[in-house]
Amino acid sequence: MRAVRRPEVRLPELAPHDGRELEPEGDYDGLEFADADWAGQDARGARFMDCAVRRCALDETVLSRSRIIDSVLSGVRGVGTDLSQSSLRDVEVSGARLGGTQLHGAVLERVVVRGGKIDFPNLRKAKLRDVAFEGCVLVEADFSGAELERVTFEDCTLARADFSAARMKDVDLRGAAAVDIARGIDRLAGAVISASQLLDMAPAFAAQIGVRVE
C-alpha cells in the first residue's frame, strides 16, 4: 500500500470578503469567508485560491466546474450543493454537515475530509487521488464508476456505499469503524480490508458468486 500524500495547506494572511454575492467565473484569492449565506448563489466556474470558508451555508449553491486550491473549508453546511465537475486540490474539509452534495465528475487530489457527516454524496465517475477520510460519516455515498487511488477511510462509517463499476488502487478500508457496501462488492479489487471486515462481508461475497450459506 502506498501512503496517501496529504495536503499541506499554509494559508497566507487572509483578507475578509466584502460580503457581496458570489459570481460565475469569479476569481477569489487570499480571502476569508466567514458565516456567509451562499444559499442559491451561482459561482459556477469560479476559482478559489488560498481561501478559508468557515461556517458558510451552501444550500443549493452552484459551484460546478469550480476550482478550489490550497484552501480550507470548516463547518460548512447545506443541502444540494452542486460541485459537479469541480476540482479540489490541496484542500482540507473539516466538520462539514452536507446532504445530497453533487460531486459527479469531480477531481479530488490531496484532500482531507475530517469529521462531520455527508449524506447521499454523489461521486459518480469522480476521480479521487490521495484522499483521506477521517472520523466522518458517509451515508449512501455513490462511488459508481469512480476512480479511487490512494484513498483511506480512517475511523469512518461507510453506510450503504455504492461502488458499482468503480476502479480502485491502494484503497485502504482497514481503519474504517464500519463498512456497509450496498452495491459493488465485486469492485473491491485494489482495496485492502482487515480479517474482521472480511468476516463481516462474507455473506455479501458469497451472494456475489452465487454461494448459499445455511
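Q: Which residue in β3 is the bridge partner of P16?

A: Please bear in mind that this is a predicted model. The bridge partner of P16 in β3 is E32. That bridge belongs to a pairing of strand β1 (residues 15-16) with β3, which runs in the parallel sense over two bridges.

Q: With which strand does β3 pair over three bridges?

A: β3 pairs with strand β5 (residues 52-54), again in the parallel sense. Within β5, V53 is the bridge partner of F33.

Q: Which residues of β3 lie on its covered face, and which on its uncovered face?

A: In a regular strand, side chains alternate between the two faces of the sheet. In strand β3 (residues 31-34), L31 and F33 form the covered face, whereas E32 and A34 form the uncovered one.

Q: Where does H17 lie, and which residues does H17 touch beyond four places in sequence?

A: H17 is in the loop between β1 and β2 (27-29). Beyond its sequence neighbours, H17 touches Y28, L31, E32 and F33. The C-alpha atoms of H17 and A34 are 8.2 Å apart, although 17 residues separate them along the chain. H17 counts as partly exposed because its relative accessibility is 21%, while buried means under 20%.

Q: Which residues touch the most other members of the largest nonpolar core?

A: That core has 56 residues, and those touching the most other members are F33, F48, L128, F133, F143 and F153.

Q: Where do K125 and D130 lie, and is each buried or exposed?

A: K125 is found in the loop between β11 (117-119) and β12 (127-134), whereas D130 lies in strand β12. K125 is exposed because its relative accessible area is 66%. D130 is buried, because its relative accessibility is 0%.

Q: Which residues make the nonpolar surface patch of about 320 Å²?

A: The patch is made by I209, V211 and V213. I209 is placed in the segment after α1 (195-208). With a relative accessibility of 66%, I209 counts as exposed, since exposed means over 50%.

Terms used:
Residues are numbered from 1 along each chain as its sequence is written. This is a predicted model: local features need pLDDT of at least 70, side-chain atom pairs count only at pLDDT 80 or more; totals for chains, interfaces and linings use all residues. Side-chain values use heavy atoms; hydrogens and water are left out. A nonpolar core is a set of buried Ala, Val, Leu, Ile, Met, Phe, Trp, Tyr and Cys residues joined through side-chain atoms within 4.5 Å. Buried means under 20% relative accessible area, exposed over 50%, partly exposed in between (1.4 Å probe, protein chains only). Patches are made of residues with over 30% relative accessible area and no salt bridge: like charges are joined within 9 Å, nonpolar side chains (Val, Leu, Ile, Met, Phe, Trp, Tyr) within 5 Å. Accessible areas come from the Shrake-Rupley method with a 1.4 Å probe; for residues, only the protein chains shown count as cover. A salt bridge is a side-chain nitrogen of Lys or Arg within 4 Å of a carboxyl oxygen of Asp or Glu. Helices (H or I, at least four residues) and strands (E, at least two) are DSSP runs, numbered from the N terminus. Two strands pair if DSSP finds at least two bridges between them. Contact means heavy atoms within 4.5 Å.
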